[in-house]
Amino acid sequence: MAGHMSMLPYRCYLLALLAITGAVFTTPATAFVSRKGNQFLRDDGSVFLFNGFNAYWMMIEAASSPSPEASRVSTAFQEAAAAGLSVCRTMAYNDGGEGALQQSPGVYNENVFKALDFVVSEAKNQGFHLIMPLVNNWKDLGGRAQYVQWARAAGANVSTDDDFYTNPTIKQYYKNHVQKVLTRVNTYTNVAYKDDPTIMAWQLMNEPICEADISGRTLTAWIQEMAAYTKSVDNNHLLGTGMYGFYGSSTPDKVQRYNPNAYQLGTDFITAHQVNEIDFSTVHIYPDEWLPKQSEENRTEFMRQYLWSHSNDSMTVLQKPMVVEEFGKSKTIPDYSEQSRNNYYSALYDTIYRIASVSYSLGGGLFWQLFPEGMEKYDDGFGIVLPQNPSVAAIVKKHSDDMRALAGRA
Ligand SMILES: *[C@@H]1O[C@H](CO)[C@@H](O)[C@H](O)[C@H]1NC(C)=O
Ligand SMILES: *[C@@H]1O[C@H](CO)[C@@H](O)[C@H](O)[C@H]1NC(C)=O
Ligand SMILES: *[C@@H]1O[C@H](CO)[C@@H](O)[C@H](O)[C@H]1NC(C)=O
């Protein structure tokens, strides 16, 4: 091997030498979004603050169109880019049945995988970063219940859907899925997902809860095991939990004070995000749904307290950055108006901006959810079609600009 060194062209040799001694190079850019303490960093090492959106439907739309290219995925990214958005959260799961990504344990639909490839490739082409959850807590697109059903059909001893977190057969199915997605080589870009900086972060589950153990211990143990496994497959990417952020038994005072109606759903914001392999904390916030009898003003105040309390904990106790991963205003609530949606978005963005200004540890918020025109059938009431809703689009755009400017001053 030593003989080869002398065969290297001189320039190459010099570069190799410099790299070894570290004499000239400063920290090399990793190309991946990373984190340092409680801040997200861009690939050039500067602080990363962003504005973003949810679009769970992208793979499904790309797979069910005549071709992924003919789908509305590209339009969605274009309309998001026009509003200054730069992070998109979209699902890397669809479990069970004909049109699914994972039709049965370990059996994948190649056409659907190609559709996901297209989503990742199009995000890259249009300058977006993706956050991608790997399974759903809810039954939509299969989820935890589908895994449990698969295991039951295979003869495993399972009773409730909460066995998802403890049954060895199910845990292995989940790990297999993680392995399959993370090592997927994108047919558009020829880059393995685990090596693709377009992806900002993986997420263990969308909104995990575990009502069989409201203390949060069962769920935190699952997060510990699966986070370690995920990082063993892919150590390039950040990893999140996907949690609502409800406090658990490690902070009973905060359960009383900040959980809606002091309810416990088997999650513990603190212990779950203390897991070493988890890089950032998440909250999802829906005061209209959680506190339907409260006044609009009180629901907005609840939102402010929830975000401050969780981001304070993230900054100081966890010392990790945070993402407000889901929020929105549904057209189906009794006192809905376009003005009330605008007011809520403005108040929430203002809160994010104020928190981010303290120590840049709140990366940004992702509204639920963005649709391009012609996708009404997917709308659950929360949908925003930016070109059709210029007043909210202007609020979104202003916040994108504000966050970018704030990051520039970091
Ligand atoms: C099935 O699981 C339950 C609860 O974990 C346990 O009590 C029971 O003994 C198990 N049955 C078998 C056949 O393993
Ligand atoms: C709003 O919050 C205040 C202060 O906590 C409380 O006294 C009041 O009852 C609430 N009103 C409604 C309608 O929720
Ligand atoms: C968060 O921390 C700030 C100080 O940085 C404090 O003023 C505020 O009361 C805290 N809020 C909550 C809800 O913990």
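Mentor: The residues that surround ligand 3 are Y258, Q305, W308, S309 and N312, where a residue is counted as near a molecule if one of its heavy atoms lies within 4 Å of it. Before going further, note that this is a predicted model, in which local features need pLDDT of at least 70 and side-chain atom pairs count only at pLDDT 80 or more, while totals for chains, interfaces and linings use all residues. Residues are numbered from 1 along each chain as its sequence is written, chains are lettered from A and ligands numbered from 1 in the order in which they are written, and side-chain values use heavy atoms, with hydrogens and water left out.

The shell around ligand 3 comprises two nonpolar residues, three polar ones and no charged ones (Ala, Val, Leu, Ile, Met, Phe, Trp, Tyr, Cys and Pro count as nonpolar, Asp, Glu, Lys and Arg as charged, and the others, Gly among them, as polar). Within that shell, a polar side-chain atom of N312 lies 2.2 Å from an oxygen atom of ligand 3. Taken alone, ligand 3 exposes 360 Å², and the protein buries 43% of that, with accessible areas coming from the Shrake-Rupley method with a 1.4 Å probe.

Helix α12, residues 296-318, gives the most to the shell around ligand 3, with four residues; helices here are DSSP runs (H or I, at least four residues), numbered from the N terminus. Helix α12 also packs against helix α13 (residues 338-359) at an angle of about 20°, with their axes 10 Å apart, the axes being lines fitted to C-alpha atoms over the stretch in contact and the angles running from 0 to 180 degrees between N-to-C directions. The two helices α12 and α13 are therefore roughly parallel to each other, a term that covers angles under 35 degrees. The crossing of α12 and α13 is right-handed, that is, the near helix is turned clockwise from the far one by less than a right angle.

An oxygen atom of ligand 2 is 2.2 Å from an N or O atom in the side chain of N298, and an oxygen atom of ligand 2 is 3.3 Å from a polar backbone atom of S295. For Q294, an N or O atom in the side chain is 3.4 Å from an oxygen atom of ligand 2. Of the 360 Å² of accessible area that ligand 2 has on its own, the protein covers 29%.

Notes
A polar contact is a pair of N or O atoms within 3.5 Å; within protein, one must be able to donate a hydrogen and the other to accept it, and residues adjacent in sequence count only if both atoms are side-chain atoms. Angles under 35 degrees count as roughly parallel, over 145 as roughly antiparallel, 65 to 115 as roughly perpendicular and the rest as oblique.
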